[in-house]
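Subject: Structure handover

Hi,

Here is the structure I promised to pass on.

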Amino acid sequence: MLRGTPARRLCAPVRAQRWTAALVIGMALACLATACGDPASTPASMLNTAGPGANRVEHLWWLLFGISTAVFLFVAALIAAAIVRRRRPSAGDPSTDPGAEEVPRWGERFILVGGVVVPVLILSATFVLTLHEMSALAKPMRTTRLSVRVVGHLWWWEARYPNGAVTANEIHIPVGEPVRVELTTADVIHSFWVPELQTKIDQIPGHTNELWLQADKQGRYRGQCSQFCGLQHAHMIFFVVADPPALFQAWESGQAAPAAAPMSPAAAGGLAVFTSNTCAGCHAIRGTSAAATVGPDLTHVAGRATIASGTIDNTPANLAHWITDPQEVKPGAIMPPTQLSPTDLQDLVAYLQSLP
Amino acid sequence: MATVTTAPLEALEESWYEPPGLISWFTTVDHKRIGMKYLVTALVFFVFGGIESLIIRAQLAGPNLHVVNPEAYNQLFSMHGVTMMFLFATPVLSGFGNFFVPLMIGARDMAFPRLNAFGYWVFLAAGIFLYSAFLIGHAPDAGWFNYTPLSDAKFAPGINIDFYALGLVFVAISTTVGAINFIVTILKMRAPGMSINRIPIFVWGELAMSFAVVFALPPLTVACVLLELQRRFGFHFFDAGSGGDPLLWQHLFWIFGHPEVYIIVLPALGVVSAIIPTFVRRRMVGYTWIVVAEMATALIGFGVWTHHMFTTGLPQIALSFVSLVSFMITIPSGVQIFAWVATLVAGRPVLKTPMLFVIGFILVFVLGGLSGVMFAAIPFDAQVHDTYFVVAHFHYVMVGAVIFPLFGALYYWLPKMTGKMMDERWGKVSFWTIFVGFNLAFFPMHIAGILGQPRRTYTYPGGLGWAVPNLISSVGSFLLAAGILITFVNWAWSLCRGAAAPNDPWGGDTLEWATSSPPPEYNFETVPTVRSLEPVWDQPELRDGAQPPEKGGRILLGGHLTLSTSMLDGRPRAVVAMPHATAWPLVATVGLLFGFWGVVFGAYLLAGAGALLFAASMVGWYWPKGETQEG
């Protein structure tokens, strides 16, 4: 082996190889940290599953991940072996006669086994498992009792219950049973996805798609539109709230009831502001004269944790900001700005906050 | 160069002479200069697409940033996709293909040199057309996939989507004529003796790609025309309210869109198969396996489009068939990977820069392939579909399988193209920067996707665990850009200061290494007779430059001539007269460009003028010149 210049020339790649090894190990650790990390800090992870649907897919993922890691390491090890046996740069000049080295006899057998036989075995098994999982995931749909209709809009979600309850961006379900969700759209294609509970399905004009949701634990599960739908695709967020059955029953009948009459002078003033301004042109508040269906139903808006489809928290200040300047909160949103006097705005916010 | 006497050489020089200077770049039909133009133009669009992606990464570096507004963001990511797919990845390898396919098969030019020039000009014009949308602030903004009804006039009343639909029809003309030219060139113009089992694998890759183009592009063109009819004239192909169906667009788009992946990847895999034997100093293990695998990939690629639609609610029984085919298509890729690995292990690689890029490619491509197989498992796909996991996957496949082989090819072939060697040390620095930057940029996207981050969102909130992987991605993307820049600087440096490249700097096995660097206009002093799959290794007389007539070299005096041979055996069949430099392809393209601009702006008078110019150029193009076909 030569010392001096060629050796020094080889130094840079060796150092770089160490860096790369560190990078690969770092990434593997990052994966592990993600998988074993605190679920509270990753509330939309498909690995913090809270229902049987997503749970099955999580197991499938770990299996696929294991197979893939093994295959990758095998190929990487072969390449590492080839690199260890590399030639000195000086040996690569055209004077060496490459035609003299015969193609090894094991070569084609190696391709046959490594590139065909083993993959066919692994892939066949995975395909059979895929079919099995598909059929297992389809079954609970047959045992659903409750069916919720969810309509996608630019850029919010409308949820309709069989008892007449209508709400937006917050879908309540009872814990421990599968709930059928019928999905349609009012405009473009959206996609309904709650990673902790279930796989996604698209909402396509002219089609009605279905999935079932089941949460085994009480909680709030984040969902988001996952099909690009224009300017505010990023802010088309919703929550699935899983309550114990009794609590859910109470919520469902409460949501079906019309809005309570205003209890304070401010709220009464707010209702007047609502019906005499552009608000009532798009929104409904059941029990009042406002009955439009362009925007979200606001009959029980105070019961929701967020406004503008998960964009901001539902606080009086945020609500006032949203009413007066929605384009700053969510540029491109369909809702126009509304100019109100400070008192009118205060009254309107007070009224909306009084609608649990 | 001693074997050919000077008199025939002078005659060759005279009949293939192209004057130097700027104007000749506009009229040339030389496949090498056209290839160079393809390469440089595609790399310019690569820089545009790269700048777009850096702005995207700046916007996503942290939660709730305001680098660009949502409207600009949507235009940026749409144009990033359109640019990288149509204006970079597809044409850039046509650049190498144009330059090297005739050299590798021992021809003096492509089968249709004027069509070749036309293909290039249309590619450039379509790029100018699409980017002119940016100049007026109305670039396409519904993604490169452009789903209806988001792209219908009702939800996208602006001119943005018209640029998309017409731009893709425009660029498809270029890709299609290029593919037809490759098919005829490869099947009919090979050197005598280059029977079908002696075609270099890179050339097979171009052939497989070209067949895929011919069958994959028409559905896209149809889809774009239908969309334009719907947008402009109130047709209802995709309108659910009037009996149409938005899913029709998705089917048509992906019947094109999935083969497009292989259209891009197949020539790149061919590059890998060209580089490996040279640097391993051994013949490729499993030549037939690789060739069959490439053809199988191109074919099976037409059966998997519905795996982009696993979440659209199609019947499960239909989806399960697509799942099966999606599992199947990994097998030809596996065959190629194991053939490369077998060659690497059997031989002993020399780790020059092109080889480093190839090894980097194999690692990245295997990783991208493995995450790709996962999508065939439908329930898993339905979780990660349209998340950053998918973004990570296809960048591993597309960047991995295009950028790495492409940069390997730059270091491998630029000495042949320019006659100047690139700097080896900076090449290695560039490789490691690209490799580390690439993995930093795209690996964390797997994690962001698993954590639930949907793609195509202009911003994201904090508190979801997405901030850290996104920040790493953004840092990595700038590192990747730096690595790419190093190679460009290296290229520029080599042009000014690089050492002169010998005929065969690496000890390659295919015919391009038998001629000078850069090759003369006529490629080879004598059209060689080929007796091996690795002619330059097995036929020592080729290494000295021209093959002497007693060994089978043909001089082909008497004009601008090349040989046509039989498809299977490569037996000489005819001597073909080749056309000379001409401006008609450029004039025809200018007519088309104004035609398309006229249509997109609704200035139908302008469109008519463009059509007239195009028609006039066709008359000039086909005007009889009295040249004979037989020599």
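**What I found**

A:Gly152 sits opposite A:Trp157 in strand 2 of chain A. By the way, strands here, like helices, are DSSP runs numbered from the N terminus (E, at least two residues, for strands; H or I, at least four residues, for helices). A second pair across to strand 2 of chain A is A:Val150 with A:Ala159.

Before going further, two housekeeping points. This is a predicted model, so to speak of local features pLDDT must be at least 70, and side-chain atom pairs count only at pLDDT 80 or more, while totals for chains, interfaces and linings use all residues. Residues are numbered from 1 along each chain as its sequence is written, and chains are lettered from A and ligands numbered from 1 in the order in which they are written.

Strand 1 (residues 147-153) and strand 2 (residues 156-160) of chain A pair in the antiparallel sense, with 5 bridges; pairing here needs at least two DSSP bridges between the strands. The two make a hairpin, with 2 residues between them. Strand 1 of chain A also pairs with strand 5 (residues 179-185) of chain A, in the parallel sense and over 6 bridges. There, A:Val151 has A:Thr184 in strand 5 of chain A as its bridge partner.

These strands belong to an open sheet of 5 strands in chain A, ordered 3-2-1-5-8, with mixed pairing. Its edges are strand 3 (166-168) and strand 8 (209-213) of chain A, each of which pairs on one side only. From one strand to the next, the twist averages 25°.

**The three-strand sheet in chain A**

There is also an open sheet of 3 strands in chain A, in the order 4-10-9, and the pairing is mixed. Strand 4 (170-174) and strand 9 (219-224) of chain A are the edge strands, each pairing on one side only. Neighbouring strands in this sheet are turned against each other by 25° on average, direction ignored. Strand 4 of chain A and strand 10 (residues 237-243) of chain A run parallel and are joined by 5 bridges. One of the residue pairs to click on is A:Ile171, which stands opposite A:Val240 in strand 10 of chain A.

Helix 4 (residues 245-256) of chain A lies across strand 4 and strand 10 of chain A, and runs at about 135° to strand 4 of chain A. For angles like that one, axes are lines fitted to C-alpha atoms (for helices, over the stretch in contact), and the angle runs from 0 to 180 degrees between N-to-C directions.

**A buried strand and its hairpin**

Strand 6 (residues 190-194) of chain A is mostly covered, with 5 of its 5 residues buried. Buried means 20 or more other C-beta atoms within 10 Å of the residue's own, with exposed at 12 or fewer, partly exposed in between, and C-beta atoms placed from the backbone. A:His190, A:Phe192 and A:Val194 point one way from strand 6 of chain A, while A:Ser191 and A:Trp193 point the other way, and all are buried. For chain A as a whole, 40% of the 356 residues count as buried.

Strand 6 of chain A pairs with strand 7 of chain A in the antiparallel sense over 4 bridges, and a hairpin links the two through 3 residues. A:Val194 stands opposite A:Gln198 in strand 7 of chain A.

**Where the chains meet**

In total, 90 residues of chain A are in contact with 85 residues of chain B, where contact means C-beta atoms, placed from the backbone, within 7 Å. Helix 3 of chain A gives the most to that side, with 18 residues.

**A helix pair in chain B**

The axes of helix 4 (residues 70-104) and helix 7 (residues 201-233) of chain B come within 10 Å and cross at roughly 125°. B:Gly97, B:Phe100, B:Val101 and B:Met104 in helix 4 of chain B meet B:Phe202, B:Val203 and B:Glu206 in helix 7 of chain B.

Cheers

Terms used: Two residues are in contact if their C-beta atoms, placed from the backbone, lie within 7 Å.
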